[in-house]
Amino acid sequence: MKKTLSVLLTVIGFYFMWLGLYALVGPVLLPFSFPEPYNVYLYTAVSTLPLGLGIRLLAMFGLSKKERLKKLLKDTLVVLSLVVLLAFITKVSMLLRSRA
């Protein structure tokens, strides 16, 4: 039961971290304009990123504080790199499509 709860909290935490980081990075890197002002995306990031980090921290209930911090930092950097990679690939594909 402990392992199932840890995996479930990890997935939910990653989802909220992804959403928060994408709300920060997506509007800057994507080539098309968004209909709403950037404040909406900033508020989304401010509300969901700490939630995701907190849920992810709860998923590591068996580790020491130092190990939790290391894993949380690693997870944040991995999710951020994936978000930037996704937004960059989208931007390149839109550029290639517009040239064709």
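Which residues of helix 1 are buried? In this predicted model, where residues are numbered from 1 along each chain as its sequence is written, they are S6, L9, T10, G13, M17, G20, L21, A23, V25, G26 and P27. Local features need pLDDT of at least 70 and side-chain atom pairs count only at pLDDT 80 or more, while totals for chains, interfaces and linings use all residues; side-chain values use heavy atoms, with hydrogens and water left out. Buried here stands for under 20% relative accessible area, exposed for over 50%, and partly exposed for what lies in between, with a 1.4 Å probe and protein chains only.

Helices are DSSP runs of H or I with at least four residues, numbered from the N terminus. Helix 1 covers residues 2-29, and its 28 residues should span 40 Å at 1.5 Å a residue, which agrees with the 39 Å between its end C-alpha atoms. The expected span is 1.5 Å times one less than the number of residues. A bend of about 35° is found in helix 1 at Y22, taken as the angle between axes fitted to the seven residues ending there and the seven starting there.

Turning to helix 3 (65-99), its 35 residues reach 51 Å from the first C-alpha to the last, close to the 51 Å expected. Its buried residues are L72, D75, V79, V83 and A87. D75 counts as buried because its relative accessibility is 6%. Contacts of D75 (heavy atoms within 4.5 Å) are with F14, M17 and R56, leaving aside residues up to four places away in sequence.

The largest nonpolar core has 6 residues: M17, L21, V25, L49, V79 and V83. Such a core is a set of buried Ala, Val, Leu, Ile, Met, Phe, Trp, Tyr and Cys residues joined through side-chain atoms within 4.5 Å. Helix 1 and helix 3 are the elements that give two or more residues to this core, and helix 1 supplies the largest share, 3 residues. One of the core members, V25, touches L80, V83 and V84, again without residues up to four places away in sequence.

Finally, the structure holds 1 aromatic pair. Rings of Phe, Tyr and Trp (its six-membered ring) pair if their centres lie within 6.5 Å, and planes under 30 degrees apart count as stacked, over 60 as edge-to-face and the rest as tilted. Y15 counts as exposed at 52% relative accessibility, whereas F16, at 21%, counts as partly exposed.
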